[in-house]
Amino acid sequence: MLPERCTIRDLLDEGKLSENYVRDIWKNCLTFKKLNGDFHVRIGLTGKGAAPNYRIEFANPPKEQPTSEQARDHFAGRSSHPAIEFLTANNTAFSGRSHKKAMNALDHEKWSSQVSTSADIEQILKDFVNQRKA
């Protein structure tokens, strides 16, 4: 089990994660950002940290709650609502190995109390580029 306050940077500093792992997270983050705005990433603590599962979450939870009609329209696929998208994001995990949505990762996963912000991940990617230039 990983430490409760573990982040992507922590695991990188320990040599547990690869550049490709972070780049694959970033690809999923860009899709999330296009649909929902700013984000942060929370990693799963189960395992030794070689390829932890992760969640991409809203950086700023929406304040407005959906009406019953808006919720029906959302679940019928006719529209979207930020508050429901927020709940969906917080209940969707990605496999650290395949980077695809993991349908059963939430029932046994414990999540880090710390997050990696979009700026943190961008800096990590810049650090990779700078290391190659050095």
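Tyr-54 and Phe-94 are both buried, where buried means under 20% relative accessible area, exposed over 50% and partly exposed in between (1.4 Å probe, protein chains only). The model is predicted: local features need pLDDT of at least 70, side-chain atom pairs count only at pLDDT 80 or more, and totals for chains, interfaces and linings use all residues. Residues are numbered from 1 along each chain as its sequence is written, and side-chain values use heavy atoms, with hydrogens and water left out.

Tyr-54 has a relative accessible area of 0%. The ring centres of Tyr-54 and Phe-94 are 5.4 Å apart with planes at 15 degrees, so this pair is stacked. Rings of Phe, Tyr and Trp (its six-membered ring) pair if their centres lie within 6.5 Å; planes under 30 degrees apart count as stacked, over 60 as edge-to-face and the rest as tilted.

The structure holds six aromatic pairs, including the two below.

| Pair | Centre to centre | Angle between planes | Type |
|---|---|---|---|
| Tyr-21 and Tyr-54 | 6.3 Å | 80 degrees | edge-to-face |
| Tyr-54 and Phe-94 | 5.4 Å | 15 degrees | stacked |

Tyr-21 belongs to helix α2 (residues 19-36) and Tyr-54 to strand β2 (residues 54-58), so their pair ties together parts 33 residues apart in sequence. Helices (H or I, at least four residues) and strands (E, at least two) are DSSP runs, numbered from the N terminus. Tyr-21 is buried too, at a relative accessible area of 5%.

One aromatic cluster is formed by Trp-26, Phe-32, Phe-39, Phe-58 and Phe-86.
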